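Hi,

Here is the structure I promised to pass on.

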Amino acid sequence: MMVNKVKDVKNMFASGSKVDENFVYFIGLLYCISTGEIGAVELFKTGKDSKYGKYSEAFRDTYRLGVGWSYGLASACEMMGRKVSNQKDDPTKLLLVKLSQVVRLGDDLKTFFRDELKNSLASYSIRYEANLETQKLFSEMFYTLMSTASFMISANSIMSMLMGFGDSETILIISMMGTGAGMAVFVAMMFFMFPRDVLAHTDDAIEKKFRMKMYIGIFGTVGVSAVLLLTNMIPPILAIGLGGIPLLYPGIIAKKQESKIATYTEWYPTFILHFGQLLSTVGSMGQALQAVMRSNFGTIQVFIDGLKNRIKNRIDQTICFQLFSIEAGHHIIANGNDIVSTSIYKGADMNLVGNVVADITKKISELRGKRAQNASTFQLVVVILHVLSLSIFGLMNKLTELFNDLSEGDLSNAAFELSPIDPVLMSMLMPVLLIMTSIISGFAIKIIQGGLYKTVFFHIGILLVVGGISMFAINEFMADFLDSIIFTAPLPGV
């Protein structure tokens with residue numbers, strides 16, 4: 001029930017068609033292999049063996065019905081079109097329905113998929129641009145939510161103390177829990193609504209190595225914070241803030257990896273375009289790669305050299321391109337290599353294949369670049385608001401101590417009665433508030449940014465360190481100033 005509601009919310013904000021990145025690559029694969037003048041049966045067989053999620057599964061079921069159970073591909077496409085979705089604008093349904101007519105009439109598959117690729121790229125661009133506009137809107141809403149959350153917690157706590165409420169401590173705790181839950185729900189909505197933009201292409205061994213670094217960072221953060229808290233060498237809020245430093249270890253490693261592999265798409269389109277042109281001319285992969293190596297392709301040069309050496313040693317070209325993808329570790333490059341490798345095996349027009357893969361890579365990289373610009377601005381603003389919000393909480397913590405000191409004096413002639421919050425409770429809640437806001441804001445930055453999920457540790461670590469130092473600095477530097485103002489001012493009626 002909850003999953004359906006989340007999907008409804010996501011669909012409500014999604015504009016344009018439902019074409020995604022996998023669909024674009026899937027259509028690109030079908031178009032490229034269709035240039036090899038293959039038949040419909042071979043095209044469906046290749047499509048079902050690809051790795052594009054629900055689109056490959058739809059072709060797998062269609063192939064099973066049409067060829068395995070002898071229903072015929074045209075009839076199987078119509079049956080699967082009715083099965084995959086009830087929505088008229090579903091891209092899989094539309095593709096199968098149109099393919100049924102193409103297969104039945106014997107139309108040219110190359111021409112059909114050329115038009116489909118053009119339309120799918122246009123639809124994907126429209127939808128992605130709409131998502132970017134929605135992201136900007138939600139970013140501004142998150143800024144407002146952060147500012148409102150700090151104001152609500154501070155205002156509710158101070159007013160409860162000034163108005164003499166007996167349960168001011170309960171009001172403080174409820175305010176913190178309520179605003180934290182509200183921000184967490186808002187971030188969860190962002191997670192389900194916006195695309196993930198998968199960046200890395202890794203294997204289990206690489207993921208296992210990073211998990212070890214991640215565990216070191218998490219346990220290091222917990223250990224450092226626990227030691228500093230138990231030894232009582234520094235204030236608790238500063239102990240929690242400095243405890244976030246070990247969390248930067250896996251985060252910085254992930255940031256370096258993300259920055260490194262992000263540069264590969266600057267060179268890959270040029271390489272694959274040049275390689276396709278040469279391969280279609282000379283007909284030999286080894287000679288084509290030897291000619292390609294006369295040019296410099298920047299950060300991916302080492303991977304091209306490895307590909308050439310494996311081809312020269314007569315290793316299967318499919319394995320060679322798979323190793324190229326693993327070494328590069330880039331999801332877009334892996335998808336492009338899959339198309340190129342399959343097209344070579346099917347005897348496609350490699351000059352056209354190189355152009356198709358380069359165009360898709362450039363378009364997706366361009367759209368992701370726009371998202372990265374928005375994410376950079378969002379990250380900067382969130383960090384600034386995070387520091388300001390926690391500085392306000394640091395001031396509130398000090399004001400609580402001062403109000404508690406005032407309430408212990410003779411206030412019989414005062415115009416109002418104070419109901420102070422226990423400073424010990426307030427001091428205990430400040431680290432909890434720091435951790436809560438850092439985690440929520442860190443995930444918000446990562447969701448807007450997309451890419452490697454691993455960099456979320458970097459954002460959380462930075463927010464913990466900067467927030468902890470800010471709260472400690474405000475509490476220390478403003479202590480004497482606030483003491484001089486409040487304790488030297490005459491009390492009402494005295």
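Before the rest, a word on the ground rules. This is a predicted model, where local features need pLDDT of at least 70 and side-chain atom pairs count only at pLDDT 80 or more, while totals for chains, interfaces and linings use all residues. Residues are numbered from 1 along each chain as its sequence is written, and side-chain values use heavy atoms, with hydrogens and water left out. Helices are DSSP runs (H or I, at least four residues), numbered from the N terminus, as are strands (E, at least two).

Back to α16, then. This helix covers residues 331–345, 15 residues in total, and reaches 21 Å from its first C-alpha to its last. That is close to the 21 Å expected at 1.5 Å a residue (the expected span is 1.5 Å times one less than the number of residues). Of the 15 residues, 11 are buried, so α16 is largely enclosed by the rest of the structure. Buried means under 20% relative accessible area, exposed over 50%, and partly exposed in between, with a 1.4 Å probe and protein chains only. Among the buried ones are H331, I332, N335 and S343.

Next, a helix pair. α12 (residues 264–282) and α13 (residues 285–292) pack at an angle of about 135°, and their axes are 9 Å apart. The axes are lines fitted to C-alpha atoms, for helices over the stretch in contact, and angles run from 0 to 180 degrees between N-to-C directions. The two helices are therefore oblique to each other (under 35 degrees is roughly parallel, over 145 roughly antiparallel, 65 to 115 roughly perpendicular, and the rest oblique). On the α12 side the contact (heavy atoms within 4.5 Å) includes F271, H274 and F275, and on the α13 side M285, Q287 and A288.

One serine in a helix: S139 sits in α7 (residues 109–162) and is buried, with a relative accessible area of 7%. Leaving aside neighbours within four places in sequence, S139 touches F378 and I448.

Finally, two loop residues to look at. Most residues other than glycine have a negative phi. S70, though not a glycine, has a positive phi of about 60°; S70 lies in the loop between α4 (54–68) and α5 (73–84) and is exposed at 61% relative accessible area. R314 also has a positive phi, near 60°. Its loop runs between α14 (301–312) and α15 (317–328), and R314 is exposed at 79%.

Cheers
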